[in-house]
Amino acid sequence: MTRETVLPAGDEPEPIKAIRLKHPGRIVFAVILVAALAIFVIDAAQRPAYGWDNFAKFVFDKRISQAAGFTLLLTIYSMLIAIVLGITLAVMRLSDNPVVKSVAWLYLWIFRGTPVYVQLVFWGLITTIYQTIDIGIPFTQPWISIESKGFIDVFWLAVIGLALNEAAYMAEIVRAGILSVDQGQEEASTALGMSWIQTMRRVIIPQAMRIIIPPTGNEVISMLKTTSLVTAVPFSFDLYGRARDISVEIYDPIPLLLVASAWYLAFTSVLMVGQYFLEKRFSRGVGQARPEKKGGTPTETVPIVTAPATVVDRGEEEKR
Amino acid sequence: MTADTTDTPMVHADRVSKSFGSNRVLKSISLTVKRGEVLCLVGPSGSGKSTFLRCINHLERVDAGRLTVDGVLVGYEERGDKLYELHPKEAARQRRDIGMVFQRFNLFPHMTALENIVEAPIRVKGVKKADAVARARELLARVGLAEKADAYPAHLSGGQQQRVAIARALAMDPKLMLFDEPTSALDPELVGEVLDVMKTLAESGMTMIVVTHEMGFAREVADSLVFMDGGVVVESGDPVEVLGNPQHKRTQAFLSKVL
């Protein structure tokens with residue numbers, strides 16, 4: 001009869017008061033690092049080659065801030081196109097339709113298999129390769145023929161070049177995300193009478209987003225920096241292109257490299273914060289948010305190493 | 001198309017067979033489920049019960065034999081003396097009328113309980129949102145979860161999740177409900193609440209096929225019981241009789257372990 005579920009009063013154990021474990025190694029290492037950093041900074045501040053006066057003069061130069069705007073636009077437009085195209089390609093690759101599947105495979109083969117710099121040079125030459133845009137029956141006299149030069153400007157050629165290359169990578173990221181979603185989800189929505197496209201759009205892709213967002217954030221940051229390659233098109237109004245132009249004018253390259261780096265760094269920092277909030281948004285319904293490790297910065301991305309572990313090859317599944 | 005005469009069986013399987021590669025999972029299964037009847041499928045794991053259940057709503061394709069639901073052939077269409085594969089759209093239309101409840105619930109984790117339930121009626125049947133929501137609340141109340149409408153699945157217990165899953169299936173107004181081991185993934189103390197919901201559903205006249213290891217439920221609720229092993233129907237009949245006085249050796253061996 002005596003089932004004691006409550007501790008008798010006064011029997012509370014005393015809280016443990018232990019002396020905290022000391023980490024002397026950490027302190028020593030930190031002191032050495034801070035000292036080394038201080039030496040580097042003091043030295044850099046005095047070194048004439050860095051040209052800090054020119055850095056200060058140009059860091060908020062109107063040409064530079066305009067160029068920063070172009071870099072941002074290149075990043076935003078090409079990522080938007082790449083994400084939409086990437087999702088489309090990923091869904092195509094997972095479709096049952098062999099025709100659609102092969103098209104997606106071919107696209108990936110070409111755009112992932114060649115360097116982005118080379119692709120950008122190609123896009124720059126596209127108006128040379130195809131001098132007119134013809135509408136009509138192939139190999140006969142065209143009905144309408146438009147001069148391709150002046151049809152698209154270099155900015156958009158740069159966007160297309162960056163976007164089409166990036167789409168191939170986005171497709172793989174999206175595909176990994178889709179495959180990480182439990183097979184039961186597709187079964188449940190199929191059993192409810194939803195079509196394959198509805199299942200993808202309403203059930204699978206929203207869940208895949210959680211896996212897709214972190215690497216996509218990395219891709220955006222990477223894209224921001226890849227825009228510096230658009231000089232291959234050639235488009236030279238972006239941050240790096242402009243910085244180089246100015247440095248040629250003033251015969252002093254290093255301060256302008258620092259100017260460009262400072263802008264890139266500022267942008268990537270903002271993007272990292274944005275990524276943190278996006279990740280939070282898409283982890284809805286997955287229990288509590290991951291506990292942030294004490295002392296960790298909020299911008300730490302969750303390692304995506306967990307994704308491949310949950311990827312189940314659907315072909316395997318079918319063999320059950 | 002739909003033969004609405006009451007004597008058409010809800011499910012009729014005639015020598016249904018299914019293989020995965022060289023592995024024959026179903027070997028000539030024949031059985032009939034009448035309208036309003038509850039059939040329990042029992043047997044050891046790997047006996048093909050789940051596969052048979054999945055064939056009924058065409059999640060798996062039948063290789064041989066004929067399977068009809070409410071008089072309509074599943075997954076194929078018969079024109080003249082030839083069978084034509086159904087277009088996915090048609091297959092989806094067939095599935096609308098068949099509710100399915102899974103062992104692992106398979107609720108959509110990014111949607112609340114209510115959103116889970118209204119999703120298919122709105123997207124598939126084109127029900128107006130307000131109507132779907134009202135109906136969903138009614139169904140949630142019916143499974144005893146009225147206050148959990150806005151909870152995400154991760155914040156519900158297994159038993160609650162499974163009850164939401166049942167409500168989700170019912171929201172499509174199915175004429176047939178399939179249960180694939182609905183209580184096997186639950187903590188023992190949560191099994192009862194799910195079985196209670198299923199029992200009420202059976203009493204309301206729903207036609208149900210239940211793959212289960214809950215012999216108590218089978219005895220109490222089922223109209224008939226089928227024991228499967230190795231892809232064949234070993235024994236079938238009245239649940240009290242089959243469970244109480246099994247004729248076949250394999251049934252006896254299985255029941256001695258689970259009862």
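**A tour of backbone and sheet features**

Select F105(B), which lies in the loop between β8 (98-101) and α3 (113-125) of chain B; helices (H or I, at least four residues) and strands (E, at least two) are DSSP runs, numbered from the N terminus. Although not a glycine, F105(B) has a positive phi of about 65 degrees. With 10% relative accessibility, F105(B) counts as buried (under 20% relative accessible area, with exposed over 50% and partly exposed in between; 1.4 Å probe, protein chains only).

The model is predicted, with pLDDT of at least 70 needed for local features and 80 or more for side-chain atom pairs, while totals for chains, interfaces and linings use all residues. Residues are numbered from 1 along each chain as its sequence is written, chains are lettered from A and ligands numbered from 1 in the order in which they are written, and side-chain values use heavy atoms, without hydrogens and water.

Next, select D173(B), in the loop between α5 (158-170) and β9 (176-180) of chain B. D173(B) is also not a glycine, and its phi is positive, about 50 degrees; at 45% relative accessibility this residue counts as partly exposed.

Then display the open sheet of chain B, whose four strands follow the order β2-β1-β4-β5 with antiparallel pairing (a pair requires at least two DSSP bridges). β2 (23-33) and β5 (72-73) of chain B are at the edges, each with a single partner strand, so one side of each lacks a neighbour in the sheet.

Finally, move to chain A: V233(A) and P234(A) are joined by a cis peptide bond with omega of about 10 degrees. P234(A) sits in the loop between α8 (196-226) and α9 (239-250) of chain A.
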